[in-house]
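Me: I am new to this structure and would like a friendly tour. Could we go through it in questions and answers?

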Amino acid sequence: MASELPSTAIDATSPHYMQPNNGLSKKIVQLVLRNSGYAAWFRTLLLKDGAHHVVRADRPDMRIGGVVVIDEDNFVGLSPILNPERFMVIAHKGTDLIPRIFDSGIRHVVFEEDSLGSAQLAIVGIEIKLAARGKREGSDASSIKRSPN
């Protein structure tokens, strides 16, 4: 499955946001999930708030900024994980992968059986941390940017 985000839509000065047609920045979330039903529900939830652009992919595309939501099956195939602070793993309760997930640097895990609202809250937490890091590094990734048009 190819990425749904055209490379021309990425604002290179703010790697976690894209410029939609209306000029308001949207936060990018990549969904790398094998369960298409769960992915569809999750995508719908994220799009409802009007603040997110959701990209479905088979593998994380680290050229695209924002949060990467990945299931444990896809996590197993990744090594090494670059920018683990951008990742959230959706795991099965009782999985033995939790230590491996944390050893990779990922700190955000939501269980598949948890509500989508819990997962959405974790994404917001990651976005806040990424924006704070961007401010510390001199890139104001938390501001709403306007397109020049």
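**A walk through the model**

Reply: Happy to start with one residue of this predicted model: Lys27 is partly exposed, with a relative accessible area of 25%. Lys27 is found in strand E2.

Me: Which residue forms a salt bridge with Lys27?

Reply: A salt bridge needs a side-chain nitrogen of Lys or Arg within 4 Å of a carboxyl oxygen of Asp or Glu. For Lys27, the closest N and O atoms of the pair are 3.9 Å apart. The partner sits in helix H4, 100 residues apart from Lys27 in strand E2. The residue you are looking for is Glu127.

Me: How many Å apart are Lys27 and Glu127, C-alpha to C-alpha?

Reply: Along the sequence, Lys27 and Glu127 are 100 residues apart. In space, their C-alpha atoms are separated by 8.1 Å.

Me: Is Glu127 buried or exposed?

Reply: Buried means under 20% relative accessible area. Glu127 has a relative accessible area of 11%, so it falls under that cut-off. Glu127 is therefore buried.

Me: How many salt bridges does a search of the whole structure find?

Reply: Besides Lys27 with Glu127, the side chains of Asp61 and Arg63 meet at 2.9 Å, N to O. Arg133 also forms a salt bridge with Glu85, and there the closest N and O atoms are 2.3 Å apart. Arg133 lies in helix H4 and Glu85 in the loop between helix H2 and E5, so this pair ties together parts that are 48 residues apart in sequence. The search of the whole structure finds 3 salt bridges.

Me: Of Asp61 and Arg63, which is exposed?

Reply: The cut-offs are under 20% for buried and over 50% for exposed. Asp61 has a relative accessible area of 16%, so it counts as buried.

Me: Let us turn to the strands. How many bridges join strand E2 to E3?

Reply: Strand E2 covers residues 26–32 and runs parallel to E3. Val29 stands opposite Val54 in E3. The number of bridges joining E2 to E3 is 5.

Me: Which helix makes a right-handed β-α-β unit with E2 and E3?

Reply: The unit is built from E2, a helix of residues 36–48, and E3. That helix is H1.

Me: Why is strand E3 largely enclosed by the rest of the structure?

Reply: Strand E3 spans residues 52–56. It is largely enclosed because, of its 5 residues, the number that are buried is 4.

Me: Which residues does Ile123 touch, not counting residues up to four places away in sequence?

Reply: Ile123 is one of the buried residues in H4. What covers the buried residues of H4 includes E2, H1, E3, E4, E5 and strand E6. The residues that Ile123 touches are Val29, Phe42, Leu46, His52, Val67, Val69 and Met88.

Me: How many Å does H4 reach from its first C-alpha to its last?

Reply: H4 has 21 residues. At 1.5 Å a residue, the expected value is 30 Å, and the model comes close to that. From first C-alpha to last, H4 reaches 30 Å.

Me: Is Asn74 buried or exposed?

Reply: Asn74 is found in helix H2. Leaving aside its neighbours within four places in sequence, Asn74 is in contact with Val32, Leu33, Arg34 and Asp58. Its relative accessible area is 13%, so Asn74 is buried.

Me: And how does Pro80 count, buried or exposed?

Reply: Pro80 lies in the loop between H2 and E5. Its C-alpha atom is separated by 7.6 Å from that of Ser104, 24 residues apart along the chain. At 68% relative accessibility, Pro80 counts as exposed.

Methods:
Residues are numbered from 1 along each chain as its sequence is written. This is a predicted model: local features need pLDDT of at least 70, side-chain atom pairs count only at pLDDT 80 or more; totals for chains, interfaces and linings use all residues. Side-chain values use heavy atoms; hydrogens and water are left out. Buried means under 20% relative accessible area, exposed over 50%, partly exposed in between (1.4 Å probe, protein chains only). Helices (H or I, at least four residues) and strands (E, at least two) are DSSP runs, numbered from the N terminus. Two strands pair if DSSP finds at least two bridges between them. A crossover is right-handed if, with the strands pointing away from the viewer, the path from the first strand over the helix to the second runs clockwise. Contact means heavy atoms within 4.5 Å. The expected span of a helix is 1.5 Å times one less than its number of residues.
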